[in-house]
Amino acid sequence: MTAAEIGAASGIPEQIVVEKFGLRGKHIAAEDEHVSDLSVAAGQRLFDEHGVDPESIDVVMYYGSMWKDYGVWQAAPWIAHRLGCTNAFAIEFDNVSHGTPIALRLARDLLRAEPELARVLVVAACRESYLLDYRNERSRFMFNFGDGAVAGLLVAGEEEPVNEVLGAHTITDGSFSLQVKVPSGGSVSPNGGYRFLDVADPAEMKGGLDEVSLPNFVAAARGAVARSGAQLADVRHLCALHMKRSMHDALVAELGSPAATYLDDTGHMSGVDSLLGLDRAARAGELSEGDLVLLLSAGTGYTWAACCVRWGTAA
């Protein structure tokens, strides 16, 4: 879906979509393509590229969009089954847009705490473009939402130089928790109502987030870097979630102007963004051995999350 098409659907000039939203276009899933399908496709590509035996996986962790194939249902067991991960147990959590740093943190801690576990497959997917009502001006900041998926493999006990998950830090401000939601479908309104993403009070949300969002991004980053035994000046590459261009530029500046991956051709894909950004940077040859990479995201709740990776080999 191009910026022009987004503009035509929303009434926002194409130039604004490109320059303010930082969006040249985004990907849209097929109507019959769900988060389980996207997750399986990403996981299968990972297995094929790296020669991974699905039966060697101990844990399959889904951490993507909570808008899944069915309303009250877990995607992780179905993903594990379809990938052939017959020896894995499945877990999932709904940390939406701040998912990647938390998923890496939880998978790392799981491998450290239970020596009998060796391999955790993390997968996330999003098709929240289908939750957008382009006629609703209250939700216009979400018009960058697109569809996509990502998969990563965390392995314990590797001795050769590898990409190491380091420290993580997370901040939550629950005062924003009721602002962004799909109002219908839960126990409050189970059978009717507005079935798209909505914002309860856009002015209140924007005013509140304008004050705290950038400081909390930086605080989450500082915490993750400190727990990695480093400083912000040591960060060589930033992989953040997709956000408006001005916010991204301000964030890069606050972090000391590291190189950064900006997903202006995909938009925002729930928990997918920062791990996809890492994958793109690696494939583009933008990472060198020993680089400290910062994965940074935030999501409704409202939570800001960061995690550091020490880049080892190009594998």
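This is a predicted model: local features need pLDDT of at least 70, side-chain atom pairs count only at pLDDT 80 or more; totals for chains, interfaces and linings use all residues.
**Entry 1: helix H1.** I looked up which residues of H1, residues 3–10, are buried. They are Ala-3, Ile-6, Gly-7 and Ser-10. Seen down the axis of H1, these buried residues fall within an arc of 100°, so they line one face of the helix. I noted the general rule beside this. An α-helix has 3.6 residues a turn, so residues three or four places apart point the same way. Next I asked what covers the buried residues of H1. The cover includes helix H2, residues 14–19. I also checked the backbone just after H1, where Gly-11 has a positive phi of about 80°.

**Entry 2: H6 against H7.** I took helix H6 (residues 202–226) and helix H7 (residues 245–254). Their axes come within 10 Å and cross at roughly 40°. That angle makes H6 oblique to H7. I recorded the crossing as right-handed. On the H6 side I listed Ser-213, Leu-214, Phe-217 and Val-218; they meet Met-247, Ala-250, Leu-251 and Glu-254 of H7. By class, the residues of this contact are six nonpolar, one polar and one charged.

**Entry 3: His-237.** I found His-237 in strand E8, residues 235–240. Is His-237 buried or exposed? Its relative accessibility is 2%, so His-237 counts as buried. I then looked for its partners beyond four places in sequence. Among them are Pro-258, Ala-259, Ala-260 and Thr-261, and also Ala-281, Glu-286, Leu-287 and Leu-292. Val-293 and Leu-294 touch His-237 too.

Methods. Residues are numbered from 1 along each chain as its sequence is written. Side-chain values use heavy atoms; hydrogens and water are left out. Buried means under 20% relative accessible area, exposed over 50%, partly exposed in between (1.4 Å probe, protein chains only). Helices (H or I, at least four residues) and strands (E, at least two) are DSSP runs, numbered from the N terminus. The arc is that of the directions from the helix axis to the C-beta atoms. Contact means heavy atoms within 4.5 Å. Axes are lines fitted to C-alpha atoms, for helices over the stretch in contact, and angles run from 0 to 180 degrees between N-to-C directions. Angles under 35 degrees count as roughly parallel, over 145 as roughly antiparallel, 65 to 115 as roughly perpendicular and the rest as oblique. A crossing is left-handed if the near helix is turned anticlockwise from the far one by less than a right angle, and right-handed if clockwise. Ala, Val, Leu, Ile, Met, Phe, Trp, Tyr, Cys and Pro count as nonpolar, Asp, Glu, Lys and Arg as charged, and the others, Gly among them, as polar.
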